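Work through the exercises below with the model open. Try each task before reading its solution.

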Amino acid sequence: MTEKNNFKKVGSLVLASSLVMGALAGCGAKEGGGTSTGGSSDGGSSGGGGDTIKIGANLELSGPVASYGSSIGQGAELAVKEINDAGGIDGKKLELVKLDNKSENAESVAQAMKLATQEKVVAMLSPATSGNTIATVQIANEQKVPTIGAAATAPNVTINDDGSLNDYAFRTCFIDPFQGTVAANFAVDELDAKNVAIFADNASDYAKGLAASFKETIGEKGGKVVAEEAYVAKDTDFKTTLTRIKAAKPDFIFIPGYYEEVGLIVKQARELGIDVPLMGADGWDSPKLVELAGADALNKTYITNHYSAEDPDKKIQDFVAAFKKEYSDKSPDAFNALGYDSVYFLKDAIERADSLDGEAIKKALADTKDLTLVTGTFSVDENHNPVKTATVLEFVDGKQKFNSKVNP
């Protein structure tokens, strides 16, 4: 998932991070919002020293998208616990070092640098949002520490604008263009949509990328975009724009964005009498969406997502049961599942690499083939993206219901 302000001046952020390293140098391992789970460090041991293997998690544990980062962290912690309970990796226990990037680019850079140079992790989970992840990729490349994006869906996380590959950047989620294409196919093929509207956050690369691929696919399938409008992040009153959209008489509205605004958009659309199907992507996936929109307003709405807790697949149901046992009967969302899968993706690579060297782990991650995880079976392509299925979910009385799976 991409964040709302995708800063691309990564070099300046990395430079800024070097200035904060002096302050960080005197900090203990748990400062800066950090927590450590899954094992104890043995004094002077580094990433793979002693009886532990340190992996980092640079997550949004506070700030505007804390819901995403916190969920990824919970899934990662469950995976670490399971792996350690089963004997660890080659007899070594995993230690998960979680740091809070506060949903900010600059803080993401500082925490990535701390994980790589102070904590000396062998690999790290990147921030939930693409912009925060992009800000840290240069550190991963320079320090030769693989980073795995659980939810960083923007294409330029792993591939730069000039087409060059970020060697040490990987992800377990599919990318934005795929979600937009899936949504358009679903709208036309399953809902018989012909005249559609698009209402997207114009400050978000995430929303713009989804809107572009949706619009292109709708055109290819013979549909027509009858209205295309934009909103600004942090807006709270969308009724004027929604009234214009309603006047265009669409039979389907695509709303790529984040739950904070989307919840209000859905609520206000229904209040204006807009009763056509609405659809978004994984940025809708937060319990707060239902609080903001209301359960009734979310009827006849759909999202593309990475998995469904209602999918009858045995691997998924085993994960759901384990998660509920660990977290007081809470049903795991897609970000929980992606955090969980990211740790198992890394475990598989470390075992095949038979080494804790960053170069060896990076190569093993790139060579991943037919790995079966909770969010799907995937192989890693030449751009370090997983080739995997997408899931379509429907909201029914405020609950996400499994609708279908879509193959790439």
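## Exercise 1: helix H2 against helix H11

Helix H2 (residues 66-85) packs against H11 at an angle of about 45°, and their axes are 6 Å apart. This is a predicted model, in which local features need pLDDT of at least 70 and side-chain atom pairs count only at pLDDT 80 or more, while totals for chains, interfaces and linings use all residues. Residues are numbered from 1 along each chain as its sequence is written, and side-chain values use heavy atoms, with hydrogens and water left out.

**Task.** Classify the packing of H2 and H11, then list the residues that make the contact.

**Solution.** 

1. Helices (H or I, at least four residues) and strands (E, at least two) are DSSP runs, numbered from the N terminus. Axes are lines fitted to C-alpha atoms, for helices over the stretch in contact, and angles run from 0 to 180 degrees between N-to-C directions.
2. Apply the angle classes. Angles under 35 degrees count as roughly parallel, over 145 as roughly antiparallel, 65 to 115 as roughly perpendicular and the rest as oblique. H2 and H11 are therefore oblique to each other.
3. Assign the hand. A crossing is left-handed if the near helix is turned anticlockwise from the far one by less than a right angle, and right-handed if clockwise. H2 and H11 cross in the right-handed sense.
4. Collect the contacts (heavy atoms within 4.5 Å). H2 supplies Tyr68, Ser71, Ile72, Gln74, Gly75, Ala76, Leu78, Ala79, Val80, Glu82 and Ile83. H11 supplies Phe335, Asn336, Gly339, Tyr340, Val343, Tyr344 and Lys347.
5. Sort by class. Ala, Val, Leu, Ile, Met, Phe, Trp, Tyr, Cys and Pro count as nonpolar, Asp, Glu, Lys and Arg as charged, and the others, Gly among them, as polar. The contact of H2 with H11 has eleven nonpolar, five polar and two charged residues.

## Exercise 2: helix H11 against helix H12

**Task.** At what angle do the axes of H11 and H12 cross, and which residues meet?

**Solution.** 

1. Take the geometry. The axes of H11 and H12 (residues 358-366) come within 8 Å and cross at roughly 115°.
2. Classify. H11 and H12 are therefore roughly perpendicular to each other. H11 passes H12 in a right-handed crossing.
3. List the partners. From H11 come Phe345, Leu346, Ala349, Ile350, Arg352 and Ala353. They meet Ala360, Ile361, Ala364 and Leu365 of H12.
4. Sort them. The contact of H11 with H12 holds nine nonpolar, no polar and one charged residues.

## Exercise 3: inside H11

**Task.** Is Val343 buried or exposed, and which residues does Val343 touch?

**Solution.** 

1. Locate Val343. It sits in helix H11 (residues 334-353).
2. Set the cut-offs. Buried means under 20% relative accessible area, exposed over 50%, partly exposed in between (1.4 Å probe, protein chains only). Val343 has 2% relative accessibility, so it counts as buried.
3. Find its neighbours. Not counting residues up to four places away in sequence, Val343 touches Ile55, Ala76, Ala79, Val80, Ile83, Leu94 and Leu125.
4. Check one pair. Val343 and Ile83 are 260 residues apart in sequence, and their C-alpha atoms are 9.3 Å apart.
5. Turn to Ser342, also in H11. Ser342 is buried, with a relative accessible area of 0%. With residues up to four places away again left out, Ser342 touches Leu125, Ile148, Ala150 and Thr172.
6. Move to the nonpolar core (a set of buried Ala, Val, Leu, Ile, Met, Phe, Trp, Tyr and Cys residues joined through side-chain atoms within 4.5 Å). The largest has 100 residues, and Val343 is among those with the most contacts inside it, along with Phe214, Trp284, Phe319 and Phe345. H11 gives this core its largest share, eleven residues. A second, separate core of 14 residues includes Ala112, Leu115, Ala116 and Tyr168.

## Exercise 4: loops

**Task.** How accessible are Asp354 and Leu356?

**Solution.** 

1. Start with Asp354, in the loop between H11 and H12. Asp354 counts as exposed at 62% relative accessibility. Its phi is positive, about 55°, although it is not a glycine.
2. Continue with Leu356 in the loop between H11 and H12. At 26% relative accessibility, Leu356 counts as partly exposed. Leu356 and Ile53 are 303 residues apart in sequence and 8.3 Å apart in space, C-alpha to C-alpha.
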